[in-house]
Amino acid sequence: MAKYVCTVCGYVYDPAQGDPDNGIDPGTSFENLPADWVCPLCGASKDEFEQEK
Amino acid sequence: MKPIQIAEKIFDVGVTDWNIRDFHGYSTEQGSTYNAFLILDEKIALIDTVKKEYADQLLNHISQIVDPARIDYVISNHTEMDHTGALAQVMQAVGPDTPLVCSKMGHKNLSAHFRNAWNYQTVQSKDTLSLGSRTLSFLETRMLHWPDSMFTYLAEDKILFSSDAFGQHYAGPEKYDDVMGEAVMPHARKYFANILLPYSDLILKLIEQVGQMGLEIRMICPDHGVIWRREPEKIIEAYGRWSRQIPEKKALVVYDTMWHSTEKMAEAIVDGFIEAGVRARPIHIRSSHRSDIMTELMDARALVVGSPTLNNGLFPTVSDFLTYMKGLRPKNKIGAAFGSYGWSGEAVKLVNRELEDAKIQLVDSGLKIAYVPGPEQLEQCVDFGKKIAAAVLAD
């Protein structure tokens with residue numbers, strides 16, 4: 001599963017880790033994150049993420 | 001500096017750093033100030049502190065108004081150490097159990113700076129804190145310019161304590177925008193170009209959000225430089241304009257040089273721009289500061305970068321500029337590379353790569369000239385300038 005980078009602050013969403021602090025289980029793909037999920041670091045919305053090259 | 005009363009029972013208790021000239025790589029020719037604000041009401045609140053080495057001075061300023069032990073709330077709008085360095089000493093003086101009010105990210109970041117078990121009280125946007133006859137409210141401004149950043153707003157007095165936003169690195173006798181006049185704007189602009197530029201899109205959203213909230217602002221108190229009291233809307237409007245990054249028909253030719261060959265090229269390229277009717281100037285990197293180059297670049301459409309090839313690579317100062325520029329993520333730029341070389345000439349290719357990485361659209365594959373440019377090669381440089389000028393004018 002692809003990692004995604006926040007274009008605002010540089011945080012990397014790694015599906016293998018998920019975002020447990022915000023109720024996202026490890027193994028959740030970026031696509032399957034809820035639409036209202038935001039960057040845990042800077043609060044940017046999903047559309048501000050890009051797939052990691 | 002002595003504490004200054006900025007409104008009824010509200011004081012700037014901050015300090016002036018007259019001598020700082022290098023603020024983490026940003027040139028501060030006229031020093032800076034670290035502003036901190038004390039609000040006296042039924043409860044007493046301190047908003048932000050100062051750099052560590054100024055802790056005594058801050059506490060002295062507070063003591064001239066009120067015993068620090070009487071402070072009921074310490075509010076940290078931003079974790080960076082020019083505003084929290086004095087926190088340990090301040091918390092000791094006000095009492096370590098005093099609520100330390102900050103955003104959720106502020107809590108996280110302060111905990112990574114200080115290991116003290118302070119009485120953190122986290123707030124989020126729209127939360128309020130009553131001081132008695134006055135009420136503070138908070139607005140999280142994540143990544144403006146750290147994850148922890150927030151604004152504190154005092155509704156009754158219509159004062160926005162804006163942390164680093166709207167600040168300027170400037171130390172002087174003036175404390176207000178109306179006293180300083182137009183001279184404040186270049187400092188505010190340089191601050192924006194070097195600190196806030198990467199977050200332009202967030203700033204536009206924030207300005208919209210503040211508009212929707214109907215927040216009335218009579219005074220903006222940033223943590224650096226002068227307070228905006230005559231026309232706070234002027235600096236908000238400027239932030240909107242700077243954030244949109246709509247370039248002017250202007251080009252910068254930024255270069256370094258070993259034996260004046262890349263310099264000759266730079267000046268000929270500038271001639272080409274000027275002949276074509278585009279405002280341009282050469283900027284020799286070692287004669288300028290990277291933070292001033294960024295300020296110049298903010299409203300330019302074209303960035304042309306020249307580097308000699310040194311030991312098969314970029315000239316080190318060119319790398320410095322490119323690294324700094326890339327991090328600040330300027331938008332809506334076109335660019336090209338040039339440089340003189342001796343035998344291998346990798347620099348142009350390497351500059352191209354950096355410009356592409358910075359999402360600057362290349363309008364030419366670049367111009368490299370072996371050793372010293374003669375009249376014919378200089379003519380090539382003029383034409384190179386004209387070609388990029390045509391792209392600037394084509395917008």
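Mentor: Let us begin with the open spaces. This is a predicted model, and its largest pocket holds about 760 Å³ of space.

Trainee: How many residues line the largest pocket, and which lie nearest its centre?

Mentor: A pocket is described by the residues around it. Here 25 residues form the lining, and Thr7(A), Glu50(A), Arg329(B), Asp357(B) and Lys359(B) lie nearest the centre of the largest pocket. Two or more residues each are given by strand E1 (4-6) and strand E3 (49-51) of chain A, and by helix H7 (200-213) and helix H11 (316-327) of chain B. H7(B) gives the most, with three residues.

Trainee: What classes of residue make up the lining of the largest pocket?

Mentor: A lining can be sorted by class. That of the largest pocket has ten charged, nine nonpolar and six polar residues.

Trainee: How much space lies in the second largest pocket, and which residues are closest to its centre?

Mentor: The second largest pocket holds about 570 Å³ of space. It is lined by 24 residues, of which Cys42(A), Gly43(A), Ala44(A), Glu140(B) and Arg142(B) are the closest to the centre. The elements of chain B that give two or more residues to this lining are E11, strand E13 (135-140) and H7. The largest share, four residues, comes from H7(B). By class, the lining of the second largest pocket has eleven nonpolar, eight polar and five charged residues.

Trainee: How many cavities of 30 Å³ or more are found in the whole structure?

Mentor: A cavity, unlike a pocket, is a space from which a probe cannot get out. The search finds one cavity of 30 Å³ or more, and about 50 Å³ of space lies in the largest cavity. Its lining consists of Asp177(B), Gly181(B), Val184(B), Met185(B), Trp228(B), Arg230(B), Glu231(B) and Lys234(B). These divide into four charged, three nonpolar and one polar.

Trainee: Let us turn to the helices. Which residues of helix H4 of chain B are buried?

Mentor: A residue is called buried when its relative accessible area is under 20%. In H4 (residues 104-113) of chain B, the buried residues are Met105(B), Gly106(B), Asn109(B) and Leu110(B). Seen down the axis of H4(B), they fall within an arc of 125°, so they line one face of the helix. They pack against helix H2 (81-84), helix H3 (87-94), strand E10 (100-103) and strand E11 (120-123) of chain B.

Trainee: Which residues of H3(B) are buried, and what covers them?

Mentor: The buried residues of H3(B) are Leu87(B), Val90(B), Met91(B) and Val94(B). Their arc around the axis is only 100°, which puts them on the same side of H3(B). Their cover includes strand E8 (44-47), helix H1 (55-63), strand E9 (73-75), H2, E10 and H4 of chain B. Just after H3(B), Gly95(B) takes a positive phi of about 110°.

Technical notes: Residues are numbered from 1 along each chain as its sequence is written. Chains are lettered from A and ligands numbered from 1 in the order in which they are written. This is a predicted model: local features need pLDDT of at least 70, side-chain atom pairs count only at pLDDT 80 or more; totals for chains, interfaces and linings use all residues. Side-chain values use heavy atoms; hydrogens and water are left out. Buried means under 20% relative accessible area, exposed over 50%, partly exposed in between (1.4 Å probe, protein chains only). The arc is that of the directions from the helix axis to the C-beta atoms. Contact means heavy atoms within 4.5 Å. On a 1 Å grid over the protein atoms alone, a cavity is a set of points where a 1.4 Å probe fits but cannot get out, and a pocket is an open set with protein on both sides within 12 Å along at least five of seven lines; lining residues have an atom within 4 Å of a point. Grid points are joined across faces, edges and corners, and a volume is the space filled by probe spheres set on the points. Ala, Val, Leu, Ile, Met, Phe, Trp, Tyr, Cys and Pro count as nonpolar, Asp, Glu, Lys and Arg as charged, and the others, Gly among them, as polar.
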